[in-house]
Structures are given as structure tokens and as C-alpha cells.
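Have the structure open while you read.

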Amino acid sequence: MTNIKRNFSRNVLIRLGLLGAVVAVAIALNWEFIYNFYFGDQLTVTGMIINSGIALLFFLGIARIADNLLRYAREEAWLAKFVRHMEEGGLKPTEGIPPYSIVFQRYATVMKISSQHAPVNHAALASMLVAAESTRTSFPKFISNILILTGVFGTIVSLSIALLGASALLESADDLGNMNLVIHGMATALSTTMTAIICYLFYGYFYLKLTDAQTYLLSGVEQATTVYLMPMLNHDPEGLVHQVGQLVMALRETARTMQTSQIDFAQAGEQLRDVIAQLRDSALMVTRDVGKIRRHLREGFRLPEAAE
């Protein structure tokens, strides 16, 4: 497995923090306008209540998304460590990984099933993991579904207020307070709709990235199971035939290597025999040369023949 990256969720989390900081700075720079738009000259508290409800749902959902992204960032780091241990093969695969992590629980589950001599159903394990993780995103999904509806609800309530003011205006055309109520209802409808749309755009993007991070993590866990765990436990007939085939290929390669080594040894022996023969001939030549030198010395110095 080569496509496991440990920084996917962390990068999304950093992006969330940076974009949130930019929005906070923009609100701070335009605080006077925003305050007058939402809180200034309000005839009723309807707009403030609905906008506050939208903002509360938005911040609760963002907090849940950030919490899930932080957890997935840790899970990605533990998954990368597990893969590194499996590829190195020296340490225990779960060394340094907490028992509550997804990859640790997957490894423990597979080993437990294998110790009971039962076949490991990879598809069932993947389905259980998806079901368990889907519960962690149920609240952000709920917020994503109702956030835009809260804007529609605020529009309906505000238009109702405007209609009440219009009805009273028709009964008493001289009362300007009713006209202000109509304008207030229309303004509240626009403010609640705008608040819901802005929150939904921001929230919808990071909810989508949260589902991407979850999909990325779960696919990484399934890849690690397929690549590293299942080959260790594959005892079905097809797997055994494949393993026997690999063993035969390994034995054939070993026999070929041994045959090559034997030929090399034979050639080395022949070369060694030739070298020994050359050394023997050289030694005989040296012996004859030494005999000649001794004879010439004895003749030159008129020495008597040495006793044999």
C-alpha cells in the first residue's frame, strides 16, 4: 500500500481554522454594519431569536465536524504507523498504537477470528466499520439537512409578521406603526434567509470534506486489511493453491541458484587445479635451476662433490 497519507484530515482542519479566522476578521472589521443590520431598530425579537438559533446550530455542527476531523487525523497517523510496522516486519504491528484505535481493533478482530480457526469475512468487517462510523457523522448530517430549512422557517415567520402589519395597515391607513411592522417583517425575512445561506455555504463545504476524510480513512483501513492481514490468514483452497504455486516457484528459483553455484564451484575447482599444476611446474623449474647453480658454484670453486 503506497497511497496512505497521514495529513488529509489535518489539512482540512487547518483549512477550517484559517477560513474561520478570515471570517472572524471580516466580521470584526464590519461589526458596526452587522450590529445595525441584526440588532438595530428591531420592532420584535423574532429576527434575533431565529438568527441566534441558526448561529447556534451552525457552531454546534462546526464543533462536531472539528472534533471528528481531529479524531480522523489521529487515526490516520496510527494507520500510517501500523503500515510502516508491517512493511518493516521487525516490531509488533500494533506497537505504540492505542487499543481504542480503528486499526488496532481491526487487527485484534482478525487475529481473534483466526485463532478460532474460522474464515475471516472481510466484507462483513468492512460493513460493520462503516455502520459504526456513520453514527459519528449523524449529528453533522442532521445540521446540514436542517440548516437551510431554518432560513426558510425564519422567512415564513417574518412574512407572517409583515402580513399582519399589512392587514393592520389596510384597516388603518394612517397608522405608520403598521407600515414599520411590514418593513420589519420583510427585513427580518431577508436577514434570516441570508444568515442561513451564508452558514450553509460554509458548513456544507466542511461537512463534505468530513465525509471525504471518513471515506479516505476507511478505505485506508480496508487496504491495510487486504494487503497485509488477509494474506497471512488466507486458508481457502484457492489461496492454498496460490501459496503452493509461489512455493514451487521459490523452490525452482532456489534450485536454479544452487545449480549455478555448483557450476561456479566446478569452474573454480578446475581453475584451482590448473593453478596447482602451474605451481608444481614452477617448483620443478626452480629446483632444477637451484641444482644448476650449485653445480656451477662447486665447479667454480673446485669444491668436492657433496656426499648424497
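## Helix α4 and its two sides

K112 and S115 are exposed, and they sit on the face of α4 turned away from its buried side. Before going further, keep in mind that this is a predicted model. Which residues of α4 are buried? They are I102, V103, R106, Y107, V110 and I113. Around the axis they cover an arc of only 135°, and that puts them on the same side of α4.

The helix has 14 residues, and from its first C-alpha to its last it reaches 20 Å, close to the 20 Å expected at 1.5 Å a residue. Just after α4 comes H117, which takes a positive phi of about 55°.

## Where α3 meets α4

Next up is the packing of α4 (residues 102–115) on α3: the two axes are 8 Å apart and the angle is about 50°. That is why α3 and α4 count as oblique to each other. From α3, the residues R71, E75, W78, L79 and F82 meet I102, V103 and Y107 of α4. Sorted by class, the residues of this contact are six nonpolar, no polar and two charged.

Setting aside neighbours within four places in sequence, R71 is in contact with I102, E133 and R136.

## Where α3 meets α6

How do α3 and α6 run relative to each other? Their axes come within 10 Å and cross at roughly 170°, so the two helices are roughly antiparallel. Here α3 spans residues 46–88 and α6 spans residues 138–171.

The α3 side of this contact is made up of T46, I50, I54, L57, F58, L60, G61, R64, I65 and N68. Facing them in α6 are F139, P140, I143, I146, L147, T150, G151, G154, V157 and I161. By class, the contact of α3 with α6 has 13 nonpolar, six polar and one charged residues.

T188 is buried, with a relative accessible area of 3%. Which residues does T188 touch, leaving aside its neighbours within four places in sequence? The contacts are Q42, G47 and S158.

L217 is also found in helix α7. With a relative accessibility of 2%, L217 counts as buried too. Once neighbours within four places in sequence are left out, L217 is in contact with Y72, E75, E76, L79 and I102. L217 and V103 are 114 residues apart in sequence, yet their C-alpha atoms are 10 Å apart in space.

## Helix α5 and its end

H122, L125, A126, L129 and E133 are the buried residues of α5. They cover an arc of only 100° around the axis, so they lie on the same side of α5. The face turned away from that buried side carries A123 and M128, which are exposed. E133 has come up already, as a contact of R71.

S134 is found in α5 (residues 122–134). Is S134 buried or partly exposed? At 35% relative accessibility, S134 counts as partly exposed. Along the chain S134 and T211 are 77 residues apart, while 9.5 Å separates their C-alpha atoms.

## Helix α1, face by face

Helix α1 (residues 8–29) has 22 residues, and from first C-alpha to last it reaches 32 Å, close to the 32 Å expected at 1.5 Å a residue. Its buried residues include S9, V12 and L16. Seen down the axis of α1, the buried residues fall within an arc of 55°, so they line one face of the helix.

Why would such a spacing give a face? An α-helix has 3.6 residues a turn, so residues three or four places apart point the same way. On the other side of α1, L18, V22, A28 and L29 are exposed.

Definitions and conventions
Residues are numbered from 1 along each chain as its sequence is written. This is a predicted model: local features need pLDDT of at least 70, side-chain atom pairs count only at pLDDT 80 or more; totals for chains, interfaces and linings use all residues. Side-chain values use heavy atoms; hydrogens and water are left out. Axes are lines fitted to C-alpha atoms, for helices over the stretch in contact, and angles run from 0 to 180 degrees between N-to-C directions. Helices (H or I, at least four residues) and strands (E, at least two) are DSSP runs, numbered from the N terminus. Angles under 35 degrees count as roughly parallel, over 145 as roughly antiparallel, 65 to 115 as roughly perpendicular and the rest as oblique. Contact means heavy atoms within 4.5 Å. Ala, Val, Leu, Ile, Met, Phe, Trp, Tyr, Cys and Pro count as nonpolar, Asp, Glu, Lys and Arg as charged, and the others, Gly among them, as polar. The expected span of a helix is 1.5 Å times one less than its number of residues. Buried means under 20% relative accessible area, exposed over 50%, partly exposed in between (1.4 Å probe, protein chains only). The arc is that of the directions from the helix axis to the C-beta atoms.
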